[in-house]
Amino acid sequence: MRGLTVFISDLRNCSSKEQEEKRVEKEMAHIRSKFTSDSNMNGYNRKKYVWKILYMYMLGYEVDFGHMEAVNLLSSQKYSEKSVGYAWCALMLREGDELLRLIINSIRVDLISRNDNAVCLALNSICNVGGKEFAETLSNDVLKLLTHNITKTYVRKKAALTALRLFRKSNDTLPAEQWADRILALLDEKNIGVLTSVTSLVLGVLAVDSAGWEAAAPKAARTLTRLVLNKDYSNDYLYYGIPTPWLQIKLLKVLQHFPPPEEHALKLRVSEVLQRIVSGTEVTKNVNKNNATHAVLFEAINLSIHLGQSSETLPQCINLLGRFISIREANIRYLGLDTMARLSQEQPHTLDDLKKHQSTILFSLKDPDISIRRRALDLVYAMCDTATVKETVSELLNYLDNADDHIKEELVLKIAILSERFASDNSWYVDVVLQLVRSAGDQVADEVWYRIVQIVTNQGEDLQRYAAQGVWTILNAEVLPHKNLVKVAGYVLGEFGHTIAESPGSSPSEQITLLHKHFRNADPDVRALLLNTYVKIAHTYAEVAQMVSEVMQQHSAAMDQEVQQRAAEYISLSAPSLASIKGTVLEMMPHFTERESIVSKALASKSKGDDPEAPTRRVEPRAEAAHAEAAPPPPPPSRQETPDLL
């Protein structure tokens with residue numbers, strides 16, 4: 001096609017963008033006139049002009065003509081012309097285009113033809129364009145082509161991948177009762193390429209629903225035995241000495257979609273394969289060989305975790321993971337930590353073995369790579385229990401001081417959850433959370449201090465006195481406390497300040513004086529809460545009523561609407577006519593409803609937000625909470641607000 005070659009050469013020789021645009025516009029006008037005037041254009045010219053249109057389109061120019069000429073090329077009997085039509089379809093058509101209806105019949109004709117080249121072009125086009133309409137119309141033809149006895153090997157591979165593409169568009173295209181046996185029979189194929197393609201299709205189906213496909217497990221085990229134990233494969237499929245690592249990984253994943261096998265022969269076969277993979281791993285200086293080896297190995301470890309106590313290789317896998325998290329290669333350390341986290345979640349009985357590596361795991365929290373630090377934090381969080389909680393929380397609090405901001409918020413949430421969930425002593429939990437609020441500052445989510453308020457409110461007077469004394473001591477020691485610390489102190493002293501009012505140095509007037517010292521520089525939401533605290537203390541202790549009244553008068557005209565409204569309402573509430581209502585409004589907070597921890601919800605929400613696709617497993621603790629979990633309240637300020645009737 002000399003004309004096409006000359007046109008491309010002309011464009012490449014253009015010295016400016018304007019010159020190129022002028023040449024393209026000229027060629028477009030020429031092609032448009034040819035399409036309009038020559039109704040009997042031969043296939044050669046049509047092919048040449050469509051190639052030019054495609055080239056201009058790939059350069060970024062808008063093309064709004066020539067569609068029917070390209071569609072007509074699909075019906076050509078010549079491969080060179082038909083391939084141009086299919087190239088145009090792949091580049092120009094998208095799912096939902098109206099032109100798809102015009103080409104479906106042509107694609108189907110090629111799909112059921114005996115010309116293998118035409119069949120391959122049709123399969124490629126279906127994969128490139130996809131679409132639900134293609135899935136509903138052509139899926140049966142593709143599946144018949146896949147399972148037919150006389151289909152050539154290279155066509156069968158394309159048909160398997162095309163069937164997977166259509167299945168992902170419409171799950172109804174592959175009913176198990178009709179196609180499962182016929183497709184799974186292909187797992188007995190000797191050709192490794194066909195096996196890999198069909199296994200990809202089976203994996204795609206199992207990811208949606210494994211019902212009806214149970215026969216895949218023994219066939220996958222048999223194929224693994226053939227590859228790993230019997231070494232029945234062609235040397236063409238050796239990758240750095242590893243036989244078909246991609247196929248091995250897919251087959252190991254297939255086995256993870258089914259429960260551990262009960263049949264003795266199948267169980268023995270899987271165990272032998274895993275033993276060979278796990279024990280045959282060696283580290284070399286060749287990076288590509290190591291990548292392939294470890295890819296298969298980690299999938300074998302995942303299968304061992306899935307099999308659980310029935311797997312004889314699980315102790316060996318734990319020892320390997322312990323080695324992996326201490327080697328220099330960052331990728332292997334990451335995978336080791338991630339797999340350990342999954343192991344601790346799915347097989348809790350392995351925790352004692354994992355704790356042998358706790359020092360290495362804690363050291364990984366200081367790794368320069370933030371992804372490794374995150375996985376180490378997940379693992380520490382998952383491994384924690386009642387026996388180790390104090391040591392673990394202490395280490396995490398030490399790490400908190402040097403942790404970067406990207407991980408600090410998640411770290412604070414996990415420390416708060418662990419200290420609550422496994423605490424044998426609620427006063428220790430109060431100490432931990434107050435230290436968090438004091439040291440982490442802006443990284444402490446509101447849910448953390450809401451939660452300590454819930455727990456202190458729901459517990460007895462001893463804990464309430466301990467919490468009041470704790471916030472009083474910390475607030476005295478801080479020059480510029482964080483606003484969350486002031487909020488906690490304001491709420492706790494407002495509700496339970498009476499428990500320490502008789503102690504030297506913490507009288508009601510001294511409590512208000514200390515809080516008011518931080519009132520002036522506080523944010524409006526903190527000021528609003530502190531007004532609640534003042535009025536509650538004044539309601540209990542008449543000697544500070546005058547001091548509180550002056551504060552309310554001063555802020556009844558505040559710029560902030562919330563502060564102004566609260567001050568005005570509390571002034572109105574002090575009227576003698578509202579004395580009966582005042583006692584009801586300012587009485588001590590009732591216990592909160594028992595429900596899921598708001599901090600756990602915040603952590604779940606954050607984990608999902610950080611990783612929408614969720615490739616990394618978020619690990620949850622297994623033990624029950626040490627005490628009942630209470631429902632998340634609205635922020636305490638609104639809890640203490642005066643009712644609307646005022």
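# Notebook: cavity, pockets and buried residues

**Entry 1. Cavity.** I began with the lining of the largest cavity and found that α14 gives the most to it, with three residues. The model is predicted, so I note that local features need pLDDT of at least 70, that side-chain atom pairs count only at pLDDT 80 or more, and that totals for chains, interfaces and linings use all residues. Residues are numbered from 1 along each chain as its sequence is written, and side-chain values use heavy atoms, with hydrogens and water left out. Helices (H or I, at least four residues) and strands (E, at least two) are DSSP runs numbered from the N terminus.

On a 1 Å grid over the protein atoms alone, a cavity is a set of points where a 1.4 Å probe fits but cannot get out, a pocket is an open set with protein on both sides within 12 Å along at least five of seven lines, and lining residues have an atom within 4 Å of a point. Points are joined across faces, edges and corners, and a volume is the space filled by probe spheres set on them.

I found one cavity of 30 Å³ or more. The volume of the largest cavity is about 70 Å³. I listed its lining as Pro260, Pro261, Lys267, Val270, Ser271, Leu307, Ser310, Ser311 and Glu312. By class, I recorded four nonpolar, three polar and two charged residues in that lining (nonpolar: Ala, Val, Leu, Ile, Met, Phe, Trp, Tyr, Cys and Pro; charged: Asp, Glu, Lys and Arg; polar: the others, Gly among them).

**Entry 2. Pockets.** I then turned to the largest pocket, which holds about 380 Å³ of space. Its lining consists of 14 residues, and Ser113, Leu145, His148, Ile150 and Thr151 lie nearest the centre. I noted that α7 (116-129) and α8 (132-147) each supply at least two lining residues, with α8 giving the most, three residues. Six residues of this lining are nonpolar, three polar and five charged.

The second largest pocket holds about 320 Å³. I counted 17 residues in its lining, of which Ile242, Pro243, Arg276, Ile277 and Gly280 lie nearest its centre. At least two residues each come from α12 (216-229), β2 (242-243), α14 (264-279) and α15 (287-307), and α15 gives the most, with four. This lining divides into eight nonpolar, five polar and four charged residues.

**Entry 3. Cysteines.** I looked for disulfides (pairs of cysteine sulfur atoms within 2.5 Å) and found zero. For Cys89, the closest cysteine sulfur is that of Cys127, 14 Å away and therefore too far for a bond. For Cys127, the closest is that of Cys120, at 11 Å, again too far for a bond. I also looked up accessibility (buried under 20% relative accessible area, exposed over 50%, partly exposed in between; 1.4 Å probe, protein chains only). Cys89 is buried at 0%, whereas Cys127 is partly exposed at 26%.

Helix α13 (residues 245-255) is largely enclosed by the rest of the structure, because eight of its eleven residues are buried. I identified these as Pro245, Leu247, Gln248, Ile249, Leu251, Leu252, Val254 and Leu255. The elements covering them include α11 (192-206), α12, β1 (238-239), β2, α14 and α15.

**Entry 4. Individual residues.** I located Lys82 in helix α5 (residues 79-92), where Lys82 is buried at 7% relative accessible area. Beyond neighbours within four places in sequence, Lys82 is in contact with Leu73, Leu74, Ser75, Ser76, Asp110, Ala118 and Leu121.

Arg2, in helix α1 (residues 2-12), is exposed at 67%. I noted that Arg2 and Lys48, 46 residues apart in sequence, are 9.1 Å apart in space, C-alpha to C-alpha.

Lys231 has a phi of about 55° and is found in the loop between α12 and β1. Tyr240 has a phi near 50°, is placed in the loop between β1 and β2, and is partly exposed at 37%.

Technical notes:
Contact = heavy atoms within 4.5 Å.
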